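The sequence and the model are shown here.

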Amino acid sequence: MTDATHTDDENAESDGRFGRYGGQYVPEALMPALEELEDAYGRYVLENEDGFLEEFHRRLDDFGGRPTPLQRADRLSERYDTEVYLKREDLLHGGAHKLNNALGQVLLAKYMGKDRIIAETGAGQHGTATAMAAAHLGMPCTIYMGERDINRQRPNVFRMKINGAEVQPVTTGRGTLKEAISETMRDWAATVEDTHYVIGSVVGPHPFPSMVREFQAVISREARAQVQEKTGRLPDAVLACAGGGSNTMGSFEAFIGDDDVDLYAVEAGGSSLSVDEEAGVAPNSATLSTGGEGVLHGARTKLLQDHHGQIMESHSVSAGLDYAGVGPELAALADEGRVTAANVDDDAALEAFHRLSTDEGIIPALETAHAFGYLKQRQDELGDLVVVTVSGRGDKDLETVIEETEKREIGNAPDMSLFSGGLR
Amino acid sequence: MSRPDATGAVGTVANDEALAAAFAGEPAFVPYLAVGDPDYESSLAYVEALARGGADVIELGLPFSEPIAEGPTIQGAIVRALEAGMTPERFFAFVEDLDVDVPLVCMTYYNLIYQYGRHSAPDGEDGDTEYEAAAGDEDAEYEAAAGEGGPRAFVERAAEAGLSGFVVPDLPAEEAGPLREACDEFGLDLIFIVAPTTRGERLDRMRELVSGYVYVQARLGTTGARTDVSDRTEESLARVADWEVPKAVGFGIADGEQAERIVAAGADGIIVGSALVDIVAEGVENGDDADVVADRIEAKARELKAGARRGRE
Ligand SMILES: Cc1ncc(COP(=O)(O)O)c(C=O)c1O
């Protein structure tokens, strides 16, 4: 049903459509900037003009710490009777996969002659990565972050500020990622001539979904080679958590043509998959599973919306998955059946957070924990060899985890009462 | 088709005659208010006050939850209107309830237009209009068969309610084909916003698609009242000077003096939103009676209209 899939990538690159999704639904003032960006993306990233790609990969290696390891998870492999391999994006500088994209875009902005960077952030990981990349490349930088997210991801707010970024609290709506993106677009509409907007996921108007996917594809290009080197074969399944979908698109890209590799995008099931239309609240962020087609933040894609088309407030215990939209290419891949949309609720994510921490000595981001929650639930169905992307580390989440673990019965959690009242 | 074609050949420039007539005489005053702000009844009174104050066209904002082109003032209005229960169906009822004699243009974001046909029988509470979308056309997006998104159902309902056209700030020319087609089918106009950054081919593309009037964005950024007139206004007006449609300038106009200068610079009309919404917001803050607020809105409208007139003298 799609006319621009991965088998026809040039098409996707040129018109920004993925089947029925994608496009450019933005104010006219931004359109010239998107055209300029499309041109720069084509020349520098796709055609490697001026040696852009060499510089990008040199900086990703030296500054970012690439390649990241693919590690066998010994305890989990034993527990689930499945070979489990971890793609360790938590070891990338900044502590999440976000730097792949942030560094790529800030460098591109530099090649384009822009002199200021803006970005939104949810969990603060993209904001942190952008602040780091901007400091590294000597660009001033402003990050928009919802007030609610500022409160639940404080360590990242400090990191952004310490890297020299200005952090702008966004107070509209519920104060999460959706509002932060809207506010960053408003800034961009005023400053578009000299400012580049570093979108943090495979969302937004063309060319962002293609470009962010391309910058993140390094995850699966490495993982595909590493898994073959270590095991002599391709995995049966690749699991990655999905908010906007940059981690999933990056983790899947090199495997898309491998028909025998099943791809699972794990979204946040939140506290429930049901929706309160009256209140305009979806207590989850499971956009691929429960959303409908619509237009948000520059793209036609799947959204959480009421029957009028008003966007719902989403929910997840993890700020980075708490978004009412999803990338248009991921939505198309899910419709086609190439990617399986799954979701895991808050409780199962917390349980998985503690399991990875105690079993493997890896404290994952709460976002990442969703993928491990799914691994536990479907351990018997995923095949003999599974790659899970550890999209980020959980240092930013410790306060939230202590608070949220105390509120519920999480069987495998250590006693948290010691820290009652949090770490403050 | 009655719009100028790509070569600039002129037919009539508006599908809707009332809209064309609104710009035919003196400089047009085109105010904006968010519908349902702060509640349905007050909002009716405020829009009627605009008409009494000399409005030639009124832009009625149908509130969308993610108004990315709006500054804080209009965002605030949208939040108030949504909290008071405004929906697309109530918006159409509002248009039908209004007792004004000027053409009305709907300003909203594309998702609300796109979703409208999807639920052919709105379930219950606000479902007083059953909409049956025509099915069976090749172009699913345009035809909006029940269950499919697409602009046709919304445009048909808008025509029935008596609206003259649309401004859709998140719908650039590239994505506007289906809405343009629906507007032509039902005799409505599609107004495009020309930004200070719009140049070259983009101008040609818009010129080909626009009808009714062109909305010349006076400055970069989001909506909001300002105290100065942007230097870029004249530059932007010059870029569309040879277009056949009337040129209305908006973004930041707050008083009669600015209105005068913009008309003197060559505009056929002025669009004012935030400066009027500010009056509504102030009324809400101070708990003022709706008729007091309506009088203030009417007075502000008179000031702006008079300024626009002076600009032509
Ligand atoms: C560690 C981590 N994983 C995943 C995500 C989800 O975003 P995306 O789906 O774009 O990868 C985030 C977002 O902040 C994150 O911080």
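## The annotated lysine

UniProt positions are given in the numbering used here, feature names are shortened, and annotations may be inferred rather than shown by experiment. This is a predicted model, in which local features need pLDDT of at least 70 and side-chain atom pairs count only at pLDDT 80 or more, while totals for chains, interfaces and linings use all residues. Residues are numbered from 1 along each chain as its sequence is written, and side-chain values use heavy atoms, with hydrogens and water left out.

An unreviewed UniProt entry places the feature "modified residue: N6-(pyridoxal phosphate)lysine" at A:Lys98. A:Lys98 counts as buried because its relative accessibility is 16%, the limit for buried being under 20% relative accessible area with a 1.4 Å probe and protein chains only. Leaving aside neighbours within four places in sequence, A:Lys98 is in contact (heavy atoms within 4.5 Å) with A:Gln125, A:His126, A:Ala129, A:Gly200, A:Gln216 and A:Ser246.

## The contact between the chains

Chain B brings 41 residues to the contact and chain A brings 36 residues. The area buried between them, that is, the accessible area (1.4 Å probe) that two parts lose on being put together, summed over both, is about 3200 Å², and carbon and sulfur atoms give 49% of this. On the side of chain B, the most area is lost to chain A by B:Glu66, B:Ile68 and B:Glu175, together 21% of what that side buries.

Between chain B and chain A there are 6 salt bridges, each a side-chain nitrogen of Lys or Arg within 4 Å of a carboxyl oxygen of Asp or Glu. B:Arg232 forms a salt bridge with A:Glu193, where the closest N and O atoms are 2.8 Å apart.

How values were computed:
Chains are lettered from A and ligands numbered from 1 in the order in which they are written. Buried means under 20% relative accessible area, exposed over 50%, partly exposed in between (1.4 Å probe, protein chains only).
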